[in-house]
Amino acid sequence: GRIVASSVEQSYIMIKPDGVQRGLVGEIISRFEKKGFVLKGLKLFQCPKDLAQEHYKDLKEKPFFPGLIEYITSGPVVCMAWEGDGVVASARKLIGATNPLQAEPGTIRGDLAVQTGRNVVHGSDSPDNGKREIALWFKEGELCEWESVLTPWLV
Ligand code: RTP
């Protein structure tokens, strides 16, 4: 879809099927809310195979690629667009290392997961990929422009 460009940095954050299945949706959303980022898009979504393949296209030569596509399409995901200065790098820190056994306690993966192949959440790795992924996962009209009460306190 085509999404109206925001001047503020945005990250595409996704709760993967294991996070939804395990009832961790509220816990994960809460961490981004408490940090002070602003939620601009949110939906529960059954990802089709072609979208999963497009999202992870840079990994298509990896041996784990077929298993990754099966995992991401195995049940609904929660798609989110989070906004704020520095949100992309900060969200990666909140999420923690790709391998949850190496992720620091206090991070989402460090606290809630044990397997790389079941690491509960995705976060964009650059502001450009944040834009690309939000445009890939959301359609026109699915993002909301609204004024958070955080703005006068945090910006
Ligand atoms: P993400 O894109 O989900 O935030 O993860 P990431 O940047 O931390 O990791 P990346 O290397 O981009 O890998 C994407 C996702 O593929 C799965 N993976 N499985 N079995 C394996 O060795 C393996 N390696 C990666 C993980 O779900 C990882 O998050």
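Modeller: Let us start with Asn119. Asn119 sits in the loop between helix H6 (108–112) and strand E4. This is a predicted model, so please read every value as computed from it. Asn119 has a relative accessible area of 2%. Buried means under 20%, so Asn119 is buried.

What does Asn119 touch, leaving aside its neighbours within four places in sequence? Asn119 is in contact with Lys16, Asp18, Tyr71, Thr98, Pro100, Arg109 and Ala113. Look at Lys16 in that list. The side chain of Asn119 makes a polar contact with the side chain of Lys16, at 2.7 Å.

The largest pocket holds about 600 Å³ of space. Its lining has 26 residues. Closest to the centre are Lys16, Tyr56, Leu59, Thr98 and His122. By type, the lining residues divide into seven nonpolar, ten polar and nine charged.

Next, the database record. An unreviewed UniProt entry lists Lys16, Phe64, Arg92, Thr98, Arg109 and Asn119 under "binding site". The lining of the largest pocket takes in Lys16, Phe64, Arg92, Thr98, Arg109 and Asn119 from this set.

Take Phe64 from that record. Phe64 lies in the loop between helix H3 (49–55) and H4. Is Phe64 buried, partly exposed or exposed? Its relative accessibility is 44%. That value falls between the cut-offs of 20% and 50%, so Phe64 counts as partly exposed. Asn119, at 2%, is buried.

Last, go back to His122, one of the residues closest to the pocket centre. His122 lies in strand E4, which covers residues 121–123. At 10% relative accessibility, His122 is under the 20% limit and so counts as buried. Its side chain makes a polar contact with the side chain of Glu133, at 3.0 Å. Which residues does His122 touch, not counting those up to four places away in sequence? They are Tyr12, Ile13, Met14, Lys16, His55, Tyr56, Ile95, Arg109 and Glu133.

Now put the two ends together. Lys16 is a contact of Asn119, and Lys16 also touches His122. Arg109 is likewise in contact with Asn119 and with His122. Lys16 and Arg109 are both in the "binding site" list of the UniProt entry, and both belong to the pocket lining.

Technical notes:
Residues numbered from 1 in each chain as written. Predicted model: local features only at pLDDT ≥ 70, side-chain atom pairs only at ≥ 80, totals over all residues. Heavy atoms only, no water. Helix = DSSP H or I, 4+ residues; strand = E, 2+ residues; numbered from the N terminus. Buried < 20%, exposed > 50% of the residue type's maximum accessible area, 1.4 Å probe, protein only. Polar contact = N/O pair within 3.5 Å; in protein donor to acceptor, adjacent residues only side chain to side chain. Contact = heavy atoms within 4.5 Å. 1 Å grid on protein atoms, 1.4 Å probe; cavity = no way out; pocket = protein on both sides within 12 Å on 5 of 7 lines; lining within 4 Å. Points joined across faces, edges and corners; volume = space filled by probe spheres on them. Nonpolar A, V, L, I, M, F, W, Y, C, P; charged D, E, K, R; others polar. UniProt positions renumbered as here; feature names shortened; annotations may be inferred.
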